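Morning, everyone. Let's go through one model together, beginning with a chain and ending at a contact.

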Amino acid sequence: MKAARLGALISALVLAALVAVLVVSDGESDIGARSPLLGQPAPAVNTTTIDDQTFDLARRKGSWVVLNFFNSTCVPCIAEHPTLVEFARGESTRADGVELYTVVNDDADAAVRDFFAANGGDWPKLRDADGAIAVAFGVAKVPETWIIDPNGFVRLRIIGQLAGGVLESQMTRLREASSS
Amino acid sequence: MNGTPPQHRRRQRAAWVAIIVSALALLLFGTVRDTGPLTQQDRIDSVTKRIACPTCDGESVYVSRASAAESIRAEVARQVGDGVRTDDEIVAYVAERFGGQVLLVPRATGLDALVWILPPLVTAALLGALWLAFRRWRAPSVATTTRRPLIVALALVVVVGVGGGVLVARQSGQRLPLQTLTGGIEDSTASLLAQARLASGTDVASAIELYDRVLVTDPDNVEAITYRAWLVMLSARQFDEDLQRQAYGASVAAFGRALELEPSYADALCFLGIVVFRDGGDAESSREFLTRCLAGAPPAEVKGLVESLLVEVEAALD
């Protein structure tokens with residue numbers, strides 16, 4: 001009888017602890033995804049664009065940089081493309097406009113060229129032939145979008161398809177935070 | 001047992017001690033022995049077997065043909081080829097990027113450590129239980145009349161189990177990135193440069209010191225050379241003409257060196273154009289540098305400075 005009471009008490013304590021953990025745990029309600037790179041200097045990115053121009057992320061310090069990992073056959077990438085085109089159009093009118101770059105993930109230059117010719121978007125497209133950039137950022141699946149501040153620190157990671165207006169609102173928030 | 005002669009008991013004990021010592025020595029030899037040099041391919045295989053493919057279920061990067069696994073394999077091959085990082089550091093690099101779930105060998109810290117600690121603990125508990133059972137068979141009266149041996153045995157089980165588990169975890173568990181011998185991400189040149197940039201708006205002296213630290217390990221770092229010279233020139237403007245002249249000479253020389261190392265570096269061209277006009281009064285050269293700078297697509301912050309200055313320079317030349 002004593003053992004049964006003790007068992008019931010222990011079960012109740014374990015259940016209460018579980019409920020407490022669920023109540024106080026940090027939910028995934030924020031738009032940004034977790035990454036050990038957040039708040040850290042961005043990894044080095046030295047590559048070429050599909051137009052054979054050299055690109056070094058370290059040389060873009062002084063600008064906000066958005067890297068969008070992309071594949072022309074990935075359905076969410078195709079679906080979010082109009083959002084990116086709209087975002088790029090809005091940023092091009094600002095003096096401190098974001099520099100948007102597509103990081104081509106496991107795709108051919110010709111396929112990327114054809115996609116952008118058909119769907120718009122004149123920002124640079126970076127080659128990542130052996131996946132070094134994807135590994136450096138911990139990108140396993142596309143699309144993913146990363147925001148890097150003018151000092152070269154990683155500020156935001158968004159996994160999956162971008163909803164309309166998300167990048168604009170996040171950039172407003174980040175600009176306000178950096179100027180305060 | 002009481003009828004066993006003391007000489008025989010001593011021999012039995014000596015045999016047990018010899019067996020235990022031999023077993024421990026073999027275990028120790030097994031864990032610390034040098035398996036000899038590995039080829040690069042051996043190292044790539046061994047590292048990729050320790051990393052799980054982040055997009056597939058239950059496959060290692062070594063086995064998987066998924067795109068993400070291919071990318072990780074290529075990165076591992078590149079880092080092994082570079083010869084800078086150890087195998088542990090390469091695994092830690094991948095885990096730092098993709099998260100701990102890609103580690104097929106669990107960490108030796110946090111909750112993961114239970115994977116290492118529990119088996120020795122359970123083994124010690126079982127051995128302790130066996131020892132108690134044997135004792136009870138041999139001397140039932142002692143075992144039932146006193147609780148002392150049980151408490152001692154329990155304490156021994158906990159100490160041996162947890163101690164053994166910690167040792168196993170230390171020996172076999174995956175090291176975290178910040179446990180690597182070369183230090184973590186915060187020690188890197190990229191980090192120092194980012195910190196310097198952050199400090200340059202509020203604490204110029206600290207920013208210059210951080211750039212100096214970068215230049216100690218990497219004297220040809222173009223960003224550090226350029227931004228250090230720029231900050232030195234900005235600071236010198238508060239002092240007398242003599243000091244300003246000295247700073248001007250040193251800054252122009254530094255921008256020149258940066259451009260020697262990287263002729264298309266827009267930031268160095270921009271700062272050179274600004275300094276040559278503002279501090280040297282040479283509008284002609286300034287126009288040339290600023291035009292070349294704008295052609296090199298400078299970042300937004302620098303571009304803003306240069307575009308307005310170029311109008312001033314053009315006006316000075318007219």
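This is a predicted model: local features need pLDDT of at least 70, side-chain atom pairs count only at pLDDT 80 or more; totals for chains, interfaces and linings use all residues.

Before I count anything: helices here are DSSP runs of H or I with at least four residues, and strands are E runs of at least two, numbered from the N terminus.

Walk along the sequence and the order reads α-β-β-β-α-β-α-β-α-β-β-α.

Now the packing. Chain A has 180 residues, and 47% of them count as buried. Take the contacts in chain A with a separation of 6 or more: 70% come from residues 24 or more positions apart. The accessible surface of chain A is about 9,000 Å². Carbon and sulfur atoms hold 59% of that surface.

Next, the interface. Together the two chains bury about 2,400 Å², with 56% from carbon and sulfur atoms. On the chain A side, the residues losing the most area to chain B are R59(A), K61(A) and V135(A). Those three make up 28% of what that side buries.

R59(A) comes up again. It forms a salt bridge with E262(B), with the closest N and O atoms 2.9 Å apart. Across the interface, the rule finds three salt bridges. Polar contacts between chain A and chain B come to nine residue pairs, both partners at pLDDT 80 or more.

Terms used:
Residues are numbered from 1 along each chain as its sequence is written. Chains are lettered from A and ligands numbered from 1 in the order in which they are written. Side-chain values use heavy atoms; hydrogens and water are left out. Buried area is the accessible area (1.4 Å probe) that two parts lose on being put together, summed over both. A salt bridge is a side-chain nitrogen of Lys or Arg within 4 Å of a carboxyl oxygen of Asp or Glu. A polar contact is a pair of N or O atoms within 3.5 Å; within protein, one must be able to donate a hydrogen and the other to accept it, and residues adjacent in sequence count only if both atoms are side-chain atoms. Buried means under 20% relative accessible area, exposed over 50%, partly exposed in between (1.4 Å probe, protein chains only). Contact means heavy atoms within 4.5 Å. Accessible areas come from the Shrake-Rupley method with a 1.4 Å probe; for residues, only the protein chains shown count as cover.
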